[in-house]
Structure formats: C-alpha cells, structure tokens
Amino acid sequence: MLRVRRVGLCGSDLNTYRGANPLVSYPRVPGHEISASIEEVGAGVPQEWRPGRDVLVIPYTSCGVCSACRRSRFNCCQDNQTLGVQRDGGLSEWLVTPWQKLFAADGLSLRELALVEPLTIGFHAVARGRVGERDTTVVFGCGAVGLGVIAGATRRGARVIAVDIDARKLEIAERCGAKELIHSQTESLPARVQELTAGLGPDVVVEAVGHPSTFRAAVELASFAGRVVYIGYAKAPVEYETKLFVIKELDILGSRNALPEDFAQVVAHLSEKHLPVDAVITHSVPLPEVGAVLEQWSSHPEDYVKILVDLDAS
C-alpha cells in the first residue's frame, strides 16, 4: 500500500479532461506519473520494499501471452491497461499495487521520481529510432515527452534540433540538450532544416505533437534511409505522399509507453543532474486545485509544460 505524494499530469490527462482520449471510458480517476511512499506491505514482499521508502510506480500491465509480450515488448501489450487511462489511476491519497510495479531511486527527490515516467516515453522513442552519436535528430514538440526525447537523444551523443511554436519551451529544450532551435511559426521549417543538415535532412525525426501537419512533415523532412518515430496520436486522419516512404526507404516506427531499461536510463540521467527539473515543472498545485488548473491548461496550453500535483500540500 502506497501513500501517494506527487502526481504529474500530461497531455493524455488533458485530452481525458477534454473528452478526447480515445482509450478512456468514464468515470475515470487520472494519474499515471506517480511518486509515493510505501506505507504497508503484504506477505511475500521482498525486504527491499520496506515501509517508508520512496518509489515510483510503473503504470502499465501486460498479459504475458500476446505477440508483443512473447517478444519481450511488454510496453505494447495488446491488453495493456495503464493507470489513469484504461483503469483508475493514482490521483488519490492511497494506492495499492504489486511490488513488481515499483521502481526505486533513493537519490532522487519526490519531484524527480514523478518525472521519470513521462521522460521514459521519450527515451523509449529514442531507442525505437536507434538514435546514435552520428545522427542528427529533429524533435517535433517540446512538451514533457518531447523534452524526454531531447534528453535521451543527447545522452546518446546525437545532435538535436528542437521544433516548437513556443519560445519559452524552446528555451527549456536548449537546457535539456538541443543544439539548434526552430520556432516554426516565425521561420520556414523546411528551409531551416535543409540549412542545418546541408540539404540532406535529419537522420531521425521524432513526432511528439500528434497533429496531421507534423505527421506529414516528419516524412517530408527525413533524410533518405532515415527513420521516423511517432509518439503522438493524430486527432484526425492523415494523408501522406506515400511515394516518399518508398523513394527514401524510410523506417516508419511507432513508440508506446516504455520498458524497464528506459526507466533505468532516465533515473541515471536525473541522478547525474543533467535535466533542469525546476524549468520542466512549470506548475505545482495541491489536490483541491486540480480541476481549476485543468480548466486553465485547456484554455491556455502554451503556458504549461508539466503540472505536478503535490498531495502533501493537500
């Protein structure tokens, strides 16, 4: 049994609030970015999971028998149920979970522990794209997930070009490791990418926005023999110039959730203090103010990167 201490809110929670998350049925308690303290343990729990220890929760389930699980890709289990999405989440005072779904990092604060899961989404996308030190990587979107992509690609030695329509988010992207920044509302995205890549295009493009225009742009900008990784869901059908898939011989990859090794990589990155945590967490609120902050976020999404709910302040 866990006493929940901090819960992060992400874009999927905002879409749930708006009624636009296709994976959610209602009513639903949100919350899948969870840091907590162990309160009590049942029989058979290993001694390392002692009461009082701070942990984060891996919010996914896996069936163990589907084709994904048989390939050890438990993150995309066809029967996955994520906390706060297909089942009630952790935005509550108490939560009971199997000890196998806990991850500890004793050197991290509760704020940092709550940041691990959203950052793993980006780190997993980087792994899917096989990003290496010789790669130039364009990242669409500098929200929390996109910042995870930037941090993960930078950690692998890649050169990262960050793209967003918000100058403040681009500044945070630079602090997370982006070498070049493109404000796509004030400069030509195709021309600037061509300039920065000597006309060749980026080796990897990661889409972390979920808009038809950026879905298309990822394919259009990618280099010949490049890789495109999609994290976001487009909210409308996307029409492509499909000849680009063939002519460029692109690898088109989806990326969902994360694996244990992604969690370990993010914990290491945070432990080494490479991420500007205070810049990424733009808002911290107590539990009673969650409804109001969701309403404000929905009206002014440009003002928010990461919201952290502080249950100790409630």
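Is Arg192 buried, partly exposed or exposed? Arg192 is partly exposed, its relative accessible area being 23%; the term covers values between buried (under 20%) and exposed (over 50%), calculated with a 1.4 Å probe on protein chains only. The views below come from a predicted model, in which local features need pLDDT of at least 70 and side-chain atom pairs count only at pLDDT 80 or more, whereas totals for chains, interfaces and linings use all residues. Residues are numbered from 1 along each chain as its sequence is written, and side-chain values use heavy atoms, with hydrogens and water left out.

**View A. The salt bridge between Glu187 and Arg192.** A salt bridge is defined here as a side-chain nitrogen of Lys or Arg within 4 Å of a carboxyl oxygen of Asp or Glu. Glu187 and Arg192 meet this criterion with an N to O distance of 3.7 Å. Glu187 is partly exposed at 29% relative accessibility. The structure holds 18 salt bridges. Side chains of opposite charge can pair when their charged atoms come close.

**View B. The salt bridge between Asp312 and Arg3.** The closest N and O atoms of Asp312 and Arg3 lie 3.7 Å apart. Strands (E, at least two residues) and helices (H or I, at least four) are DSSP runs, numbered from the N terminus. Asp312 has a relative accessible area of 37% and is partly exposed; Arg3, at 33%, is also partly exposed.

**View C. The salt bridge between Arg155 and Glu272.** Here the closest N and O atoms are 2.9 Å apart. Arg155 sits in helix H4 (residues 144-155), while Glu272 occupies the loop between helix H9 (260-271) and helix H10 (277-280), so that the pair links distant parts of the chain, 117 residues apart. Arg155 is partly exposed, with a relative accessible area of 30%, and Glu272 is partly exposed at 41%.

**View D. Cysteines without a disulfide.** A disulfide is a pair of cysteine sulfur atoms within 2.5 Å, and the structure holds zero of them. The closest cysteine sulfur to that of Cys66 is in Cys69, at 3.7 Å, which is too far for a bond. Cys66 is buried, with 5% relative accessible area. For Cys76, the closest cysteine sulfur is in Cys66, and the distance of 7.3 Å is likewise too far for a bond. Cys76 is partly exposed, at 24% relative accessible area.
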